[in-house]
Amino acid sequence: MPSRIIMSAIILALAALSPIHSAPADAKSAGKTYTVLIKGFAFVPARLEVEVGDTVIWKNLDIVPHTATAKKVFDSKKLDTGQSWSYLPTKRGNHPYTCLYHPTMAGELVVK
Amino acid sequence: MTKTLISSVAAAAVLLTGIFIIGASPAKAADAPTDPQIVGIVLAADQIDIDYGKIALAKSKNKGVRDFAQRMVTDHSAVQNSVIGLASKLNVTAEDSGVSTSLKSGAVDITAKLNSLKGKEFDKFYIDNEVSYHKAVTDAVADVLIPNAQNAELKSALEGAQPLFLKHLEHARLVQSGGEMSHK
């Protein structure tokens, strides 16, 4: 009986490490991940094409705060130096966006 | 009144353009700024714009002007901290020069003018001055400070700051043209 318990424990432990358990997480983030750097007061790349299901990450490398904001579509809110924000696009179309603090910064997210 | 305002703005621009003239033959000019003087000029120019921004935040009721002023305070404070940190790392102590002294004395006049104006007159003078000031600073950084900076890290930091000054200039022009004034 003790050996059965030990075996069960081993099986449970192995099961916990099994890839089967990570499958749901993988399924949720099946799309590609893209990163837009905010540096030198610019979005790099300025234009990005993605598909619904992909993930877009904005990362602020400047010494001042920025936002990545497309009115009524997405808004990172304030991103301090070194901060990132990730977004899963659901709305197809061309979405021009800006930094709310620096309105002449311009980017475009195209969601197919 | 209008003439006085225009001449004050022009005076501010001339002060900074003075830096520009030094840059006619940057590397060899006898009065080309040294690295400690460059740090002194950047710190002075930065602080002046932070102070103008604080006055605007205290006096203006225009959302576009206030948003711009807040950005100047936030961004130039970040630049200020960055320059102080870099100077400390490089063991460079800021020094005054003819340019930084002129900047400071010019700012006394502009500050007096800002304090004397109200309402739309204040907003117009503040934004007009910000356009002239950032144009002059942008030119001075590109044509005088960067070419004369001896330390590679200082030169690189100045190059890195260029987009900030340019975007501030664009933002000031947007507010000046009325594009941001309507967001009340």
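Visitor: How much of chain B counts as buried?
Guide: Chain B has 184 residues, and 45% of them count as buried. Keep in mind that this is a predicted model.

Visitor: What is the secondary structure of chain B?
Guide: It comes to 6 helices and 0 strands. Along the sequence, chain B reads α-α-α-α-α-α.

Visitor: And the contacts in chain B with a separation of 6 or more: what share comes from residues 24 or more positions apart?
Guide: Such residues account for 79% of those contacts.

Visitor: Let's pick helices. How do H2(B) and H3(B) cross?
Guide: H2 of chain B covers residues 35-59, and H3 of chain B covers residues 63-89. Their axes come within 8 Å and cross at roughly 155 degrees. An angle over 145 degrees counts as roughly antiparallel, so H2(B) and H3(B) are roughly antiparallel to each other.

Visitor: Left-handed or right-handed, H2(B) passing H3(B)?
Guide: The crossing of H2(B) with H3(B) is left-handed.

Visitor: Which residues make that contact?
Guide: From H2(B), they include B:Val39, B:Val42, B:Leu43, B:Asp46 and B:Ile50. From H3(B), among them are B:Val65, B:Arg66, B:Ala69, B:Met72 and B:His76. The residues of the H2(B)–H3(B) contact divide into 13 nonpolar, 6 polar and 4 charged.

Visitor: What about H2(B) and H5(B), how close do their axes come?
Guide: The axes of H2(B) and H5(B), the latter being residues 119-148, come within 11 Å. They cross at roughly 165 degrees, so this pair is roughly antiparallel. H2(B) passes H5(B) in a left-handed crossing.

Visitor: Which residues meet there?
Guide: On the H2(B) side they are B:Ile38, B:Ile41, B:Ala45, B:Asp49, B:Tyr52, B:Ala56 and B:Lys59. Facing them in H5(B) are B:Phe122, B:Tyr126, B:Tyr133, B:Val137, B:Leu145 and B:Asn148. By type, the residues of this contact are 10 nonpolar, 1 polar and 2 charged.

Visitor: New topic, the two chains. How many residues does the contact take from chain A and from chain B?
Guide: It takes 11 residues from chain A and 12 residues from chain B.

Visitor: What are the chain A ones like?
Guide: On the side of chain A that touches chain B, 8 residues are nonpolar, 3 are polar and none is charged.

Terms used
Residues are numbered from 1 along each chain as its sequence is written. Chains are lettered from A and ligands numbered from 1 in the order in which they are written. This is a predicted model: local features need pLDDT of at least 70, side-chain atom pairs count only at pLDDT 80 or more; totals for chains, interfaces and linings use all residues. Axes are lines fitted to C-alpha atoms, for helices over the stretch in contact, and angles run from 0 to 180 degrees between N-to-C directions. Helices (H or I, at least four residues) and strands (E, at least two) are DSSP runs, numbered from the N terminus. Angles under 35 degrees count as roughly parallel, over 145 as roughly antiparallel, 65 to 115 as roughly perpendicular and the rest as oblique. A crossing is left-handed if the near helix is turned anticlockwise from the far one by less than a right angle, and right-handed if clockwise. Two residues are in contact if their C-beta atoms, placed from the backbone, lie within 7 Å. Ala, Val, Leu, Ile, Met, Phe, Trp, Tyr, Cys and Pro count as nonpolar, Asp, Glu, Lys and Arg as charged, and the others, Gly among them, as polar. A residue is buried if 20 or more other C-beta atoms lie within 10 Å of its own, exposed if 12 or fewer, and partly exposed in between; C-beta atoms are placed from the backbone.
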